[in-house]
Amino acid sequence: MSRAVFTRAFALLLCLAASAAAQDASNAHAPQPSEVFQKAAETPADAPRAFEFELSGFSYHVSANGNGRREKGDSVRRFNLRLESGEEIAHVYFSKYEADLLLVCEAARGDAFVARLEQPSMRARWKQRVPAHDIRAARAGDSLYLAVKGFVARLDLRKGVFVWKHGDLFETREGQAYFGSFEVPSVAGDTVSFREAAVSPRPAKTIRVNRKTGQIIGN
């Protein structure tokens, strides 16, 4: 192999290595499949409304009134999500953070909440309200990115507080409502993208936010 050919080949390898490193860095903050919330199954319509799922070898049962239990063999641990008076749960989404259970619950009255339950005690470390339903959530590291109708936010999973949030995102142009609902948020580097769910007849829009500062950087 001539010196010129060797030099070009070596330069190409360096470029490929740099590109791979950049891609890895970009994906470092992207939610992995295990970090995306799953929807709990609802019990049959002829039974009292409840939601069931399995995670980390345990079976969970959450009633619409907020009472729940975790089971494994003969071991049963009960818990209560402490709903407000008259409140009922309409949907349950679940994931795992460190050793704890994360729940996103949509209420029948139209809002939602996120709760972190300590394992093995099942005591609530914190509970945070979200001002709308039809929620989409994705975890990246110690943060939970949330998108609901007209609202996007970053939640600190350690403390249960919002790092930043943007509400009142409804926008009407020529009779078309913008940001009525979203797809699951995605994270790439320092940018969080909140893309609208499919709309017609116009193209879906995307809000891009700096994940550190919360500043909207484009849509």
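Good morning. In strand β14, the residue that bridges to L155 is F162. Strands here are DSSP runs of E with at least two residues, numbered from the N terminus, and two strands pair if DSSP finds at least two bridges between them.

Please note that this is a predicted model, in which local features need pLDDT of at least 70, side-chain atom pairs count only at pLDDT 80 or more, and totals for chains, interfaces and linings use all residues. Residues are numbered from 1 along each chain as its sequence is written, and side-chain values use heavy atoms, with hydrogens and water left out.

Let us stay with β13, residues 151-156. Strands of a sheet pair through backbone hydrogen bonds, either parallel or antiparallel. β13 is joined to β14 (residues 161-166) by five bridges, and the two run antiparallel. With β12 (residues 143-148), β13 pairs in the antiparallel sense over six bridges; there, L144 has L155 as its bridge partner.

Now the hairpins. Between β12 and β13 lie two residues, and G150 takes a positive phi near 70 degrees. Between β13 and β14 lie four residues, and G160 has a positive phi near 75 degrees.

Is β13 mostly covered or mostly open? Six of its six residues are buried, where buried means under 20% relative accessible area with a 1.4 Å probe, protein chains only. In a regular strand the side chains alternate between the two faces of the sheet. In β13, F151, A153 and L155 are buried on one side, and V152, R154 and D156 on the other.

Finally, an open sheet of five strands has the order β2-β3-β4-β5-β6, with antiparallel pairing. Its edge strands, β2 (41-42) and β6 (75-80), each pair on one side only.

How values were computed:
Buried means under 20% relative accessible area, exposed over 50%, partly exposed in between (1.4 Å probe, protein chains only).
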